[in-house]
Amino acid sequence: MGGFSKRLGRTSVYIAELWGVFEGLLLTRSKNINKLVMQVYSIAVVKSISINSTGNATGWRLIVEIKKLLQLDWQVSIVHVYREGML
């Protein structure tokens, strides 16, 4: 279906996961997919996106942009899965 890569330089796993969610949403949107279940390894990322806050200073801008994408006219569920449970 598709894939992507992005050079992030030195960063945390948390920020890398946020970038993965953001780029994954952009890719999905560009393919005109209107129903999506996104599986994410980081429970911290899922919680940051799910709560009514932008989290702490780390990654706040990415969280804001992800939330903007989630408000568009499509159905998106972002769920936590354990790495071992990925298909």
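Start by selecting strand E1, residues 35-40 (strands are DSSP runs of E with at least two residues, helices are runs of H or I with at least four, and both are numbered from the N terminus). Color Leu36, Met38 and Val40 to see the covered face of E1, then Lys35, Val37 and Gln39 for the uncovered one.

A quick note before moving on: this is a predicted model, where local features need pLDDT of at least 70, side-chain atom pairs count only at pLDDT 80 or more, and totals for chains, interfaces and linings use all residues. Residues are numbered from 1 along each chain as its sequence is written, and side-chain values use heavy atoms, with hydrogens and water left out.

Click on lysine 35 and you'll find its bridge partner in E2, glutamine 75.

Now hop over to glutamate 23, in helix H1. Is glutamate 23 buried or exposed? It's buried, with a relative accessible area of 18% (buried means under 20%, exposed over 50%, partly exposed in between, with a 1.4 Å probe and protein chains only). Leaving aside neighbours within four places in sequence, show Phe4 and Lys6, which glutamate 23 contacts (contact means heavy atoms within 4.5 Å).

Last stop: show H1 (residues 13-30) together with H3 (residues 60-70). Which residues of H3 make the contact with H1? They are Leu62, Ile63, Glu65, Ile66, Leu69 and Leu70, facing a set from H1 that includes Tyr14, Trp19 and Phe22.

Technical notes: Axes fitted to C-alpha atoms, helices over the stretch in contact; angles between N-to-C directions. Pairing = 2+ DSSP bridges.
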